[in-house]
Amino acid sequence: MWTSGIAKGYIDMIANPEVADVFRTRAKVVSEIRKTMESFGFIEVETPVLQGEAGGAEARPFITHHNSLQRDLYLRIATELHLKRMLVGGLEKVYEIGRIFRNEGISTRHNPEFTTIEMYEAYSDYESMMNLAEEIVTRCAMATTGKLKIDYQGTEISLERPWRRETMHRLVEEATGVDFNSFGDVESAKNAAKGLLGFKTESSENTSLQACSSVGHVLNEVFETVVESTLVQPTFVLDYPVEISPLAKPHRRYAGLTERFELFVCGREIGNAFSELTDPIDQRSRFENQIKQHNAKRAAMDKVKLDESKGDDEYSYEVSLDEDFLTSLEYGMPPASGMGLGIDRLVMLLTNSASIRDVIAFPVLKLQQ
């Protein structure tokens, strides 16, 4: 949509009325989301954009400096941890629609700043969030298109409920014929994954796989590479391994898994949710393991840089414990579930937009010389 390196979007709006129509639809989507949340008794809150610790997800943050406080701060990479503090404080149904900042790559589905809604509900679980996700998306579709069967880039997408619900393990087994529950150690899982993914042992693509420290990490690598792009119709992918879900509650029936789902439509993630982990001791241990895993990936990437005189700095940032959040859990957080939905990707779907930059007003673009 934006045709110039200096993003003269107002010219595009003048020349192409359909460009402005996208932003009219976007406004309807945000309005409908607010109506839906309020109809379920949620209250809207605002939490800090500038944070002392970049937490609630794993992503490279933007760093800035606060002159009066004489300290570095981070632009938030998620609203999660502050919204959970609201639950601790006694607000039982909260949500925030806000801008998120991640200092990472740009693609048709990724932008360094984007908009999400995150919501948290006390005394509920991830089943509740699946129902709420269906409610939000279908209401937005009806408000903007008037129907639940829509065209996206030449493919008919049916938003009629209920949507498919399937576990990550089952989806990987369907696609590959391999049951990752059968592996007792990470090396055998890696060897199987190499065969499935066709990686050469010394290839740079293999670096991320080699850095996997558990069968759960390997499973996720295979899922992201083989399965994700095939999830065209709305699908809830359930029960992620605990190793890749540091904020999710352990599954009530299956050891090693969590009560977590991600929602996929058109091969891209629209939402992420889980029954929340409320145990401060378990949460501290999960955070510590997350830091170890991050540092292992960073060391592996550093080795690639040395070996190839190049490489990706995707893991070059520091990850630290959010001690204040852990203290808040010690005061007591009620059983709860939470979810984040990507508003930009939802608008892409409902406006048949091929790129995320088509639904963001005045996106930052590379300077033209």
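**Close-up views of a predicted model**

**View 1. After helix 10 comes Gly332, with a positive phi near 120°.** Helices here are DSSP runs of H or I with at least four residues, strands are E runs of at least two, and both are numbered from the N terminus. This is a predicted model, so local features need pLDDT of at least 70 and side-chain atom pairs count only at pLDDT 80 or more, while totals for chains, interfaces and linings use all residues. Residues are numbered from 1 along each chain as its sequence is written, and side-chain values use heavy atoms, with hydrogens and water left out.

**View 2. Helix 10 (residues 323-331) has a buried side.** Look for Phe325, Leu326, Ser328 and Leu329: they are buried (under 20% relative accessible area; exposed is over 50% and partly exposed lies in between, with a 1.4 Å probe and protein chains only). These four sit on the same side of helix 10 because they cover an arc of only 155° around the axis, taken from the directions from the helix axis to the C-beta atoms. Turned away from that buried side are Glu330 and Tyr331, which are exposed.

**View 3. Helix 11 (residues 343-351) is mostly covered.** How many of its nine residues are buried? Nine of the nine are, and among them are Ile343, Asp344, Arg345 and Met348.

View 4. Rings of Phe, Tyr and Trp (its six-membered ring) pair if their centres lie within 6.5 Å; planes under 30 degrees apart are stacked, over 60 edge-to-face, and the rest tilted. Phe223 counts as buried because its relative accessibility is 0%, and Tyr240 counts as buried at 1%. Elsewhere, Trp163, Phe236 and Phe261 form one aromatic cluster.

**View 5. Three strands make an open sheet in the order 2-4-3, with antiparallel pairing.** Two strands pair if DSSP finds at least two bridges between them. Strand 2 (50-51) and strand 3 (63-66) are the edges, each pairing on one side only. Strand 3 pairs with strand 4 (residues 71-75) over four bridges. Which residue of strand 4 is the bridge partner of His66? That is Arg71.
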